[in-house]
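Thanks for coming. I will walk through one chain today, from the overall layout down to a few single residues. Please have the display in view.

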Amino acid sequence: VFINPIIEEESGDLWPFQEGCLSIPKIREIVSRKERIYVSYYDENWSFHRDEFDGYKARIIQHEYDHIDGILFTDHLGSVKKRMLKNKLADITKGKVKVDYKMKFPK
C-alpha cells in the first residue's frame, strides 16, 4: 500500500519496454522509463517509508504514479505514434472495444 506516494528520484538508464493499460485496452506501445526510483510514502498503518525500487517494480510504480497526475502511457509517446493511434483511441472513447472487464465510457 502506498498512501500519498512521492517519487523522490529516478535514476539509471532509460529502459524501453512495451506497456499497456486496462484504461486503454488492446493498445501496447514502447515507453522509456528510468530503471530505478526512490519513493516516499505512508503504509496502511501510517508508518513512513522511503524505499528504492528497480526493474519491473519501478516501472509499474511509475506507470501507476502517472495516473495520479492524470497521465496515461500514451502521453509518453511521440506525436507521430499518437497520430497513428488516433482512430483506435477514438473508438475506445466511444465504447467501440470489447473487453473481459467492466469499463465506463464518457457519454
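Helices and strands here are DSSP runs, helices being H or I with at least four residues and strands E with at least two, numbered from the N terminus. The model is predicted, so to speak of local features we need pLDDT of at least 70, and side-chain atom pairs count only at pLDDT 80 or more, while totals for chains, interfaces and linings use all residues. Residues are numbered from 1 along each chain as its sequence is written, and side-chain values use heavy atoms, with hydrogens and water left out.

First, the layout. The chain has two helices and three strands, and along the sequence they follow the pattern β-β-β-α-α. The C-alpha trace spans about 45 × 30 × 20 Å along its principal axes. Of the 107 residues, 29% are buried. Buried means under 20% relative accessible area, exposed means over 50%, and partly exposed is in between, using a 1.4 Å probe and protein chains only.

Now the sheet. Two strands count as paired if DSSP finds at least two bridges between them. In general, strands of a sheet pair through backbone hydrogen bonds, either parallel or antiparallel. Here the three strands form an open sheet in the order β1-β2-β3, with antiparallel pairing. β1 (3-21) and β3 (48-54) are at the edges with a single partner strand each, so one side of each has no neighbour in the sheet. Neighbouring strands are turned by 40° against each other on average, direction ignored.

Going pair by pair, β1 and β2 (residues 24-42) are antiparallel over 13 bridges, and a hairpin of two residues joins them. Within this pair, leucine 14 is opposite lysine 34 in β2, and proline 16 is opposite serine 32 in β2. β2 and β3 are antiparallel over seven bridges, with tyrosine 41 opposite histidine 49 in β3. The hairpin of β2 and β3 has five residues between the strands, and tryptophan 46 in that hairpin takes a positive phi near 65°.

What do Tyr42, Trp46 and Phe48 form on the surface? They make a nonpolar patch with about 370 Å² of accessible area together. Accessible areas come from the Shrake-Rupley method with a 1.4 Å probe, and for residues only the protein chains shown count as cover. Patch residues have over 30% relative accessible area and no salt bridge; like charges are joined within 9 Å, and nonpolar side chains (Val, Leu, Ile, Met, Phe, Trp, Tyr) within 5 Å. A salt bridge is a side-chain nitrogen of Lys or Arg within 4 Å of a carboxyl oxygen of Asp or Glu. Phenylalanine 48, in strand β3, has a relative accessible area of 51% and is therefore exposed.

Next, the helix on the sheet. α1 lies across β1, β2 and β3 and runs at about 115° to β1. Axes are lines fitted to C-alpha atoms, for helices over the stretch in contact, and angles run from 0 to 180 degrees between N-to-C directions. Histidine 63 is in α1 (residues 55-68). Is histidine 63 buried or exposed? Its relative accessibility is 10%, so histidine 63 counts as buried. Leaving aside neighbours within four places in sequence, histidine 63 contacts Glu19, Gly20, Cys21, Arg33 and Phe73, where contact means heavy atoms within 4.5 Å.

Last, lysine 98, in the segment after α2 (79-93). Lysine 98 counts as exposed because its relative accessibility is 71%. Lysine 98 and lysine 82 are 16 residues apart in sequence and 21 Å apart in space, C-alpha to C-alpha.
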